[in-house]
Amino acid sequence: VKVSDECARGAHTPTGMDMSNSSRRTTVSKVSNRLFSPLCVKRSRSKGGLAGPDGTKSVFGQMCAKMSSFSPDSLLLPHRVWKVKFVGESVDDCGGGYSESIAEMCEELQNGLTPLLIVTPNGRDESGANRDCFLLNPAAKSLLHMNMFRFLGVLLGIAIRTGSPLSLNLAEPVWKQLAGMNLTIADLSEVDKDFIPGLMYIRDNEATSEEFEAMSLPFTVPNASGQDIQLSSKYTHITLDNRAEYVRLAINYRLHEFDEQVAAVREGMARVVPVPLLSLFTGYELETMVCGSPDIPLHLLKSVATYKGIEPTASLIQWFWEVMESFSNTERSLFLRFVWGRTRLPRTIADFRGRDFVIQVLDKYNPPDHFLPESYTCFFLLKLPRYSCKQVLEEKLKYAIHFCKSIDTDDYARIALTGEPAADDSSDDSDNEDADSFASDSTQDYLTGH
């Protein structure tokens, strides 16, 4: 397998050049392509926030539309399930593009481009726990929405099967239901702290019948997305006589409002993993299997690190790990996406499946302080120029992880930070030789089917 810099990311992108908005085309199991246009997303966002009708123009929506193309065998592959083509980025997907597509879909699910997830009521009210977590959208009930939830389940199953964690911040009650557990009143309070106290106020209110009727409380309950749901066709308002019935119906509704969506997600998971066995796990354990830990432990990354062209005791390597130590967890997540196309580490060393994190030194660029790092996401490979000091390394690495998000091989990737063309125009050949050398050392399992 010949590996060129068609899988390289962030190679010498000029200062101020953010290429993260390149249009994307997604290829699933070698079937036809569908264009994803950021301009379309921008326009649709102004009309409600979704990427096209019901989020169908998002990368997630495009992939979901191709779900029928997945054969049962392809979903059971141990590593990469589909192959991706990014328009304008010239990625030759040896695994990095695949990881990048999953990372982007997770981002879309949580930034409003798709209709499947909603922030918790506590998050909307900025009070209580789980403010930064998401629930399944109980209002998403159409046939298209159900298919999307099934595809979400496929993604969860793939994460469990391959050991490749997803960056999804779902609330704990969601994981409990996906594991086959029933919700309790305590679970409702975890995501909506005002719901139960409001019901208790109605149940225990000592007002007279006339005073109660004067309140004119409708016989409705707000669902998790804030919409009022009529609980009974028999009653229109809450009275002293029916308030106990109201409390019972309201609690029952909120405990089961996600049942349809959860069933669809579990149906998708069943295409990849044996869903009945999930009942052996708690919600927290299932979340750990799917998402790993949101914290990125550097000791785990160090344990799988290898070095090419430099000793691990060299100053440049020591500076690199010191800079990584100083990074916040968010910056470490951005670094992982830059170098591997993922935002979280696998759970254990065994889940790396023989894949090393490789740091290689670039000596061909002069002066090195004028150039950014390169990454080969398909091979978990970071190439560092031989920077003169720790401060320069930190500056260039931070710029790369924040602004060099596209995977490209165009002319922009051959320009120094000064804006001048790179001195050595023949660098492409040496890049290919470096990548060829690296590919020969890589685990054969990751190259199979390229």
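Buried means under 20% relative accessible area and exposed means over 50%, with partly exposed in between; the views below use these terms for a predicted model.

**View 1. A nonpolar surface patch that includes Leu 277.** Because its relative accessibility is 47%, Leu 277 counts as partly exposed. Leu 277 lies in the loop that runs between helix 11 (259-269) and helix 12 (283-291), and together with Leu 280 and Phe 281 it makes a nonpolar surface patch of about 300 Å².

**View 2. The whole chain, as context for the close-ups.** The chain holds 18 helices and 11 strands, and buried residues make up 52% of its 450 residues. Its accessible surface comes to about 19400 Å², with 51% of that belonging to carbon and sulfur atoms. Among contacts with a separation of 6 or more, 72% are accounted for by residues 24 or more positions apart.

**View 3. Strand 9 and the strands it pairs with, strand 8 and strand 11.** Six of the six residues of strand 9 (residues 357-362) are buried, so this strand is largely enclosed by the rest of the structure. In a regular strand the side chains alternate between the two faces of the sheet. Here Phe 357, Ile 359 and Val 361 point one way, while Val 358, Gln 360 and Leu 362 point the other way. Strand 8 (residues 305-308) runs parallel to strand 9 and is joined to it by four bridges, with Thr 306 having Val 358 as its bridge partner. Strand 11 (residues 381-385) also runs parallel to strand 9, the two being joined by five bridges, and here Gln 360 has Lys 383 as its bridge partner.

**View 4. Cys 378, a position annotated in UniProt.** An unreviewed UniProt entry lists Cys 378 under "active site", an annotation that may be inferred rather than shown by experiment. In the model, Cys 378 sits in the loop between strand 10 (374-376) and strand 11, and with a relative accessible area of 2% it is buried.

**View 5. Arg 386 and Asp 363, joined by a salt bridge between two loops.** The closest N and O atoms of Arg 386 and Asp 363 are 2.8 Å apart. The pair links distant parts of the chain, 23 residues apart, with Arg 386 in the loop between strand 11 and helix 16 and Asp 363 in the loop between strand 9 and strand 10. Arg 386 is partly exposed at 37% relative accessibility, whereas Asp 363, at 53%, is exposed.

**View 6. Lys 398 with Glu 331 and Glu 394.** Lys 398 forms a salt bridge with Glu 331, the closest N and O atoms being 3.8 Å apart. This pair links distant parts of the chain, since Glu 331 belongs to helix 15 (residues 329-340) and Lys 398 to helix 16 (residues 390-403), 67 residues apart. Lys 398 also meets Glu 394 in a salt bridge (3.6 Å, N to O), and because these two residues are four apart in helix 16, they are separated by about one helical turn. Glu 331 is buried at 16% relative accessibility, while Lys 398 at 29% and Glu 394 at 23% are partly exposed.

**View 7. Gln 177 in helix 6 (residues 172-178).** Gln 177 is buried, with a relative accessible area of 9%. Beyond its neighbours within four places in sequence, Gln 177 is in contact with several residues, including Leu 255, Phe 258 and Arg 266.

Notes: Residues are numbered from 1 along each chain as its sequence is written. This is a predicted model: local features need pLDDT of at least 70, side-chain atom pairs count only at pLDDT 80 or more; totals for chains, interfaces and linings use all residues. Side-chain values use heavy atoms; hydrogens and water are left out. Buried means under 20% relative accessible area, exposed over 50%, partly exposed in between (1.4 Å probe, protein chains only). Two strands pair if DSSP finds at least two bridges between them. Patches are made of residues with over 30% relative accessible area and no salt bridge: like charges are joined within 9 Å, nonpolar side chains (Val, Leu, Ile, Met, Phe, Trp, Tyr) within 5 Å. Accessible areas come from the Shrake-Rupley method with a 1.4 Å probe; for residues, only the protein chains shown count as cover. A salt bridge is a side-chain nitrogen of Lys or Arg within 4 Å of a carboxyl oxygen of Asp or Glu. Contact means heavy atoms within 4.5 Å.
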